[in-house]
Amino acid sequence: TRKIIIDTDPGQDDAIAILLALASPEIDVLGITAVAGNVPLPLTERNTRVVCELAGRADMPVYAGCEAPLSRPLITAEHVHGGTGLDGPVMTEPAMTLRPEHGVDFIIETLRAKPSKTVTLCPLGPLTNIAKAMQQAPDITERIQEIVLMGGAYFEVGNITPAAEFNIFVDPEAADIVLRSGVPITMMPLDVTHKALATKPRIEAFRALGTTLGTTVAEWLDFFERFDTQKYGTDGAPLHDPCVIAYLIAPQLFEGRHVNVTVETGSELTLGMTVVDFWRITERAANATFMQNIDADGFFAFLTERLATLPHT
Ligand code: BDR
Ligand code: CA
């Protein structure tokens, strides 16, 4: 099994990514750290606990990490995810409690405690917690097996500004630290996720599972869908974050290139833009596998199959 730490800002798509990980025997989730992003930290950590309980995993260690980006005020995305971050179905308050330790300390201690290069980090939100951990404990960087993250865009440019994807835009300094860290990185940018659309028939397949979990996922997607379909005129909303988890188990669903990716941290106009040397025009060394394509039917079939295996409530 592959050991991972999920770092997240739920978010309906983060929630589905967490469910996919918890439904996958190939993956051992060591803990989940929440970060401020789609909504403020008190909501992202609460939502993480809601999702763990929904999956029947109240035993999962959940930690709160950073409440704001490294050096900027937090920008949130209630316009996409709703006021709670998990708008759609009515969810009961979680009974499971948050672990007292800071999320960044959990990341550092776990990487130090496990054999080197056996823990993969899966960031699904702004990269604040990951960069903070690298700053506080530079020794952990070379112990990370891989970072598989959702963020960035190249041909698809931006979703929060014309030039930038939300996760990178919220904390571009953190993204810069991570991209320069030397850790093997796999990125799921908008180029991939804008091809993973939760269309009506795909949403109905979740509902047809006939479980509370299946209905909840369908209702999250019904909510999540409204913003993107109205704004971009697509057939459904991109299901961003589950691509990260799907890649760990079924990498053959994705296709990309190992290239240089640099993030803009200065310009006001293009702040948070990921500049991808996709055509290898420069001498800049490759630092990330930047994904471009997904087998979307295969991905949704896989996700639906896996979610069917979670405990029925
Ligand atoms: C990313 O931003 C958030 O709104 C989603 O959860 C995803 O991680 C997409 O740009
Ligand atoms: Ca997210």
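In what follows, Ala, Val, Leu, Ile, Met, Phe, Trp, Tyr, Cys and Pro count as nonpolar, Asp, Glu, Lys and Arg as charged, and the others, Gly among them, as polar. The structure is a predicted model, in which local features need pLDDT of at least 70 and side-chain atom pairs count only at pLDDT 80 or more, while totals for chains, interfaces and linings use all residues. Residues are numbered from 1 along each chain as its sequence is written, and chains are lettered from A and ligands numbered from 1 in the order in which they are written.

Two helix pairs were then examined, with axes as lines fitted to C-alpha atoms over the stretch in contact and angles running from 0 to 180 degrees between N-to-C directions. Angles under 35 degrees count as roughly parallel, over 145 as roughly antiparallel, 65 to 115 as roughly perpendicular and the rest as oblique. Helix α4 (residues 103-113) packs on helix α5 (residues 128-136) at about 60°, with the axes 9 Å apart; the two are therefore oblique to each other. Residues count as in contact if their C-beta atoms, placed from the backbone, lie within 7 Å. Here Gly103, Val104, Ile107 and Ile108 of α4 meet Asn129, Lys132, Ala133 and Gln136 of α5, a set of four nonpolar, three polar and one charged. Beyond α4, in the loop between this helix and β4 (119-123), lies Lys117, which has a positive phi of about 60° although it is not a glycine.

For helix α9 (residues 200-207) and helix α10 (residues 212-232), the angle is about 155° and the axes are 7 Å apart, so the pair is roughly antiparallel. In α9, Ile203, Phe206 and Arg207 contact Gly214, Thr215, Val217, Ala218, Leu221 and Asp222 of α10. Five nonpolar, two polar and two charged residues make up this contact.

Key:
Helix = DSSP H or I, 4+ residues; strand = E, 2+ residues; numbered from the N terminus. Contact = placed C-beta atoms within 7 Å.
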